Amino acid sequence: MAVNVEMPFHKARELMAPYRNAMPINQPLPEIDMMPPDSPNVLVDAVSLGGAAGQKPLVRHVLVKDLNKIGTRMKFEHPKTGVFSNKAPMGLYAIFDGQSCAGEPGPMAAEFCARNFHTKLLKRLAELSPEAADEANVQAALVRTFEDLDVELLTNQPEIMDGCGASVCLLIGQTVFTAVLGQCSAALCAAEGTANFAPVMLGGRQGVVEADILRIRFAGGVVYGDGKNVRIRHPSGQESSISRSLGDRIWKDPAASKSPLVVSIPEVHSVVLGSSDQNPFLILATSTVASTLNIKELVDIGGEYLRQPRAACGEIATRALVANAGSAQCTAVKVCFLPPIDDDHKRRAPGSSGPELRPQQPVKKAKVTNARGGTTQSIRLRHLFVKFADGPPKDGKKPLRSRQEAETILRRALLELKQEVKSLKKPPKDATEIVTATSKKFQELCRKSSECESAKKGGAMCGDLGWLTPEELAGMGGSFKEVMEVLMPGQFSDIAHSDQGLHLAQRVA
């Protein structure tokens with residue numbers, strides 16, 4: 001609309017007001033949520049034992065606790081719909097096993113896959129359209145990730161001749177996706193009550209897959225044997241007990257056969273998790289573990305150390321190593337699913353040694369101390385502390401125990417403390433009763449095994465660390481803060497490492 005220049009200014013403003021108010025610059029800006037997705041509410045750890053001294057490990061494990069953060073750094077944008085909706089947290093946990101291969105075991109393929117798998121997976125997930133962000137397409141993305149990794153390994157890494165199997169868990173929100181290749185395994189715990197744990201097999205123990213037999217024979221390979229003893233014979237005379245792996249260049253060489261005798265297609269599954277009481281944890285295991293402990297045994301051990309992944313993996317790896325007479329590398333990964341974080345940002349603690357505290361039961365308030373930036377909550381702990389030293393002794397001194405031996409001491413102590421709670425005639429009503437009921441046993445174990453000066457304190461103060469702020473917990477180094485900060489009063493921790501050694505603690509207030 002043309003405005004008469006001789007019109008009084010106030011009149012012009014009146015005439016232009018409707019247009020001015022309709023301009024986009026005067027409209028409120030839409031709200032933009034800039035908060036990044038949370039990391040998955042899990043506790044996860046891994047233990048690897050055995051293997052030849054002085055040589056590269058045959059097994060590599062990967063624990064990506066916040067896959068969204070890695071994707072953002074690498075500028076991958078994923079769908080916001082389907083399984084990815086509501087800012088779904090994402091985590092990736094994996095084992096790559098150079099002992100589960102068609103040829104001679106080796107470390108190179110496992111190392112390459114551990115370094116590159118997450119990048120390939122993030123790229124495939126970013127390619128999903130908003131309409132295709134469902135379980136079936138995420139499973140397909142996992143399969144393509146294995147194919148991409150295998151192609152790059154064979155095409156661009158000519159020096160890598162060996163192969164590896166894999167056991168992978170991708171957690172997106174409340175949905176678990178697993179992909180298993182070769183003789184590795186994955187098992188989910190389905191709990192029925194507080195002490196009955198049933199395993200759900202999510203893939204693994206693949207020998208020669210029945211669906212591969214016709215393909216292998218057509219390609220020029222020989223398949224013989226039956227049941228678990230089926231084997232493949234390469235035209236060169238080499239034999240294999242598996243038909244699926246990453247790498248294994250000789251078994252995929254087009255010059256030796258019409259088509260690859262061994263392929264890299266994993267067995268994939270997806271499960272929508274129930275509550276943390278219904279599906280408390282998942283375990284990934286190498287071929288050497290899966291061949292000696294069945295999934296029921298794996299889940300039973302996981303149940304003994306319910307929300308203590310370090311202790312559970314240590315026990316699993318130790319038993320498998322003994323069964324293999326120390327001649328193999330044994331690795332286990334345990335992912336513990338925790339309840340949702342409430343409005344006060346408190347987690348249910350791992351490794352509860354007694355009954356869950358009822359909401360109506362009062363618990364002693366955490367001490368509030370002054371700190372930089374305001375006030376902060378402290379926790380009070382008592383602990384067992386054990387030193388260890390890896391590597392050969394220095395200056396001819398008597399060798400200190402290894403980390404494996406130190407963890408064994410603390411696992412045994414933890415089981416004794418748990419048994420002390422189970423043996424009580426009446427279940428403890430609250431945290432104070434748990435602390436009181438376990439004090440005598442804790443003092444006994446502390447004086448027997450702990451190498452901290454606090455073990456010399458008398459009575460209920462034996463092993464007492466006092467009140468610790470979050471800053472003091474972090475100052476201990478290692479995993480100490482991560483393990484301790486999730487504890488509720490009365491509960492026992494997982495095995496934590498600090499700059500000084502290993503700790504098993506109980507939160508007393």
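Among contacts in the protein chain between residues at least 6 apart in sequence, what share joins residues at least 24 apart? The share is 71%. The legends below refer to a predicted model.

**Figure 1. Overview of the predicted protein chain.** The secondary structure of the chain comes to 12 helices and 20 strands. Of its 509 residues, 48% are buried. The accessible surface is about 25400 Å², and carbon and sulfur atoms account for 54% of that surface.

**Figure 2. Strand β6 and its pairing with β7 and β13.** Strand β6 covers residues 185–192, and six of its eight residues are buried, so the strand is largely enclosed by the rest of the structure. With strand β7 (residues 196–204), β6 pairs in the antiparallel sense over seven bridges. One of the residue pairs is Ser-185 with its bridge partner Gly-204 in β7. Three residues lie between the strands in the hairpin of β6 and β7, and Gly-193 takes a positive phi near 90° there. Strand β6 is also joined to strand β13 (residues 281–285), by four bridges, and these two strands run antiparallel. In this pairing Ala-187 stands opposite Ile-283 of β13.

**Figure 3. Helix α7 and the elements packed against its buried residues.** Helix α7 spans residues 295–304, and its buried residues include Leu-298, Val-299, Ile-301, Gly-302 and Gly-303. The buried residues of α7 pack against strands β6, β7 and β13, and also against α6 (287–290), α8 and β14 (329–337). At the N-terminal end, α7 is capped by Asn-294. A side-chain oxygen of Asn-294 lies 3.1 Å from the backbone nitrogen of Lys-296. An α-helix has 3.6 residues a turn, so residues three or four places apart point the same way.

**Figure 4. The salt bridge between Arg-310 and Glu-407.** The side chains of Arg-310 and Glu-407 meet with an N to O distance of 2.9 Å. The pair links distant parts of the chain, with Arg-310 in helix α8 (residues 309–323) and Glu-407 in helix α9 (residues 403–422), 97 residues apart. Both partners fall under the 20% limit for buried residues: the relative accessible area is 13% for Arg-310 and 3% for Glu-407. The two residues belong to a network of salt bridges that also links Asp-45 and Arg-403.

**Figure 5. The salt bridge between Arg-380 and Asp-464.** The closest N and O atoms of Arg-380 and Asp-464 are 3.1 Å apart. Arg-380 lies in strand β17 (residues 379–386) and Asp-464 in strand β18 (residues 464–468), so the pair ties together parts that are 84 residues apart in sequence. Arg-380 is partly exposed, with a relative accessible area of 22%, whereas Asp-464 is buried, with a relative accessible area of 8%.

**Figure 6. The salt bridge between Arg-124 and Glu-127.** The side chains of Arg-124 and Glu-127 meet at an N to O distance of 3.2 Å. Arg-124 is partly exposed, at 23% relative accessible area. Glu-127 also counts as partly exposed, with a relative accessibility of 48%. Side chains of opposite charge can pair when their charged atoms come close.

**Figure 7. The open sheet of β8, β9 and β10.** Three strands form this sheet in the order β8-β9-β10, with antiparallel pairing. Strands β8 (222–224) and β10 (239–240) stand at the edges and each has a single partner strand, so one side of each is left without a neighbour in the sheet. Strand β9 (residues 231–233) pairs with β10 over two bridges in the antiparallel sense. Ile-232 has Ser-240 of β10 as its bridge partner.

**Figure 8. Ile-434 and Pro-489.** Ile-434 lies in helix α10 (residues 431–449). At 3% relative accessibility, Ile-434 counts as buried. Ile-434 and Pro-489 are 55 residues apart in sequence, and their C-alpha atoms are 8.8 Å apart in space.

Conventions:
Residues are numbered from 1 along each chain as its sequence is written. This is a predicted model: local features need pLDDT of at least 70, side-chain atom pairs count only at pLDDT 80 or more; totals for chains, interfaces and linings use all residues. Side-chain values use heavy atoms; hydrogens and water are left out. Buried means under 20% relative accessible area, exposed over 50%, partly exposed in between (1.4 Å probe, protein chains only). Two strands pair if DSSP finds at least two bridges between them. A salt bridge is a side-chain nitrogen of Lys or Arg within 4 Å of a carboxyl oxygen of Asp or Glu. Contact means heavy atoms within 4.5 Å. Accessible areas come from the Shrake-Rupley method with a 1.4 Å probe; for residues, only the protein chains shown count as cover. A polar contact is a pair of N or O atoms within 3.5 Å; within protein, one must be able to donate a hydrogen and the other to accept it, and residues adjacent in sequence count only if both atoms are side-chain atoms.
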